[in-house]
Amino acid sequence: MAKTIAVIEGEDSAPEAIRPVVELLSNLLPDASWVYPEVGESAMSKFSTTFPPEARECIDSADTTLFGSTSGPSGAALRYLRWGKETFANVRPCKYMTGCSSPLQSPEGIDFVIVRENLEDLYVGMEGGLGELEFLEKVGRTARRNISQYGTGRYAVKVITEAGTQRIVRFACELARKRNSKRKVTCVTKHNMLSETDGYFLEIAKGIVGDYLDLEFESFIVDDCACRLVLEPQAFDVVVTPNLYGDILSDVAGGLLGSLGMAASGCYGQNYAYFEPAHGTAPDIAGTNTINPTATILSAVMMLEYLDYESIARQLYRATEHVYQQGISLTPDQGGNASTSDFVDAVGDCLERLPRIPS
Ligand code: ATP
């Protein structure tokens, strides 16, 4: 059945990446419908809100959403896609493509996925003044001070729940089985300092992997993991981690491939998924048509897989890989001098030239 895909372009450089990619995808999926929920600044001027009910309905009735990236105006739509749709698993692959400008001497064989818990941790957005917490009369385990001794200051709440952790670890284990690669799950926390929250995450993870005895399991403290990702990235398969560490480690992963322009991402829930590059809006290069669209293309590959367009997904991945192998249409972040549109055109050319992958 033909699919409906909602597109939210986002701000700054993001539309420069997403527009040519949607054009490319439209050729690949001639039967698909592309809808554009009106959000952000244009919705504000028309509906006096950045996320009107019409936009929500448009997202709800679509099979999925392809999102550019937001610096704020499309933030309400993004919050709906995450917390409204409960897309709890943020999957961020890091796979080396021959020809990409990795700073490593031997990047061949890098192929791991970060599975970041997407709804909890410090991202619940519960912050405030320390005075609000004085009633707790709690003494910090390490600093041995109570709240009132700190004077004026702020706090942020870190939430790790049993159900949230169980479902993300289970998701990571299922993914390790499906990838059928190293069949390994690495849990990353800071349980030595945060035994109540990260210690809980790790404890739950250890319990869940008991149901997956066919998988190898290991755990690292996040700072150690950051170092290992640089020193021996080929050792990783599926990394499962709370929200904030996942966000930070995925930029490390982008760095392993030479730039954030390579960092794709998909956010999956029980009944919905949306896809967006892991990088931000790259405001410093907005208007130059030089944003690397690879992260958007690879996010689209994940979207095609989600929509069961498996062979088209593989074709698009292979064409992108081919452009890196040729090395002549790369964007400046990858050491080339091609524009965003040149890169997408080169992928389009490869799609036409390479033999079709049967479905
Ligand atoms: P966020 O906090 O939302 O991740 P940010 O402003 O911290 O956003 P980015 O927008 O990701 O970070 O940009 C960080 C740097 O990486 C900038 O110099 C930007 O130009 C560069 N960058 C990010 N994405 C790309 C891309 N796709 N192609 C080229 N450069 C990029």
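Trainee: Which residues is T70 in contact with, leaving aside its neighbours within four places in sequence?
Mentor: Bearing in mind that this is a predicted model, T70 is in contact with E11, G75, L78 and T281 once those neighbours are set aside.

Trainee: And where is T70 placed?
Mentor: T70 is in the loop between strand β3 and helix α4, the helix made of residues 75–84.

Trainee: How far apart are the C-alpha atoms of T70 and E11?
Mentor: They are separated by 5.4 Å, although T70 and E11 are 59 residues apart along the chain.

Trainee: What about the side chain of T70, which backbone nitrogen lies 2.9 Å from a polar atom there?
Mentor: That is the backbone nitrogen of G72, and the backbone nitrogen of S74 also lies 3.1 Å from a polar atom of the T70 side chain.

Trainee: Switching to the ligand, which residues surround it?
Mentor: The ligand is surrounded by L260, G261, H279, G280, T281, A282, P283, D284, I285, I291, N292 and D333, and T281 is also one of the residues in contact with T70.

Trainee: Which side chain has an N or O atom 2.7 Å from an oxygen atom of the ligand?
Mentor: That is the side chain of D284, while a nitrogen atom of the ligand is 3.2 Å from an N or O atom in the side chain of H279.

Trainee: How much of the ligand does the protein cover?
Mentor: The protein covers 59% of the 610 Å² of accessible area that the ligand has on its own.

Trainee: Okay, back to β3: what is the order of strands in the sheet?
Mentor: The sheet is open, with 10 strands in the order β2-β1-β3-β12-β11-β4-β5-β10-β8-β9 and mixed pairing. Its edge strands, each pairing on one side only, are β2 (33–35) and β9 (216–221), and the twist averages 25° from one strand to the next.

Trainee: Do β3 and β12 pair in the parallel or antiparallel sense?
Mentor: Strand β3, residues 64–69, and strand β12, residues 273–275, pair in the parallel sense over 2 bridges, and T65 stands opposite Y274 in β12.

Trainee: Which strands does helix α6 touch?
Mentor: Helix α6, residues 198–209, packs on the sheet and touches β8, β9 and β10, with its direction making about 165° with that of β8. Helix α7, residues 222–231, also packs on the sheet, touching β5, β8 and β9, and its direction makes about 110° with that of β9.

Definitions and conventions. Residues are numbered from 1 along each chain as its sequence is written. This is a predicted model: local features need pLDDT of at least 70, side-chain atom pairs count only at pLDDT 80 or more; totals for chains, interfaces and linings use all residues. Side-chain values use heavy atoms; hydrogens and water are left out. Two strands pair if DSSP finds at least two bridges between them. Helices (H or I, at least four residues) and strands (E, at least two) are DSSP runs, numbered from the N terminus. Axes are lines fitted to C-alpha atoms, for helices over the stretch in contact, and angles run from 0 to 180 degrees between N-to-C directions. Contact means heavy atoms within 4.5 Å. A residue is near a molecule or strand if one of its heavy atoms lies within 4 Å of it. A polar contact is a pair of N or O atoms within 3.5 Å; within protein, one must be able to donate a hydrogen and the other to accept it, and residues adjacent in sequence count only if both atoms are side-chain atoms. Accessible areas come from the Shrake-Rupley method with a 1.4 Å probe; for residues, only the protein chains shown count as cover.
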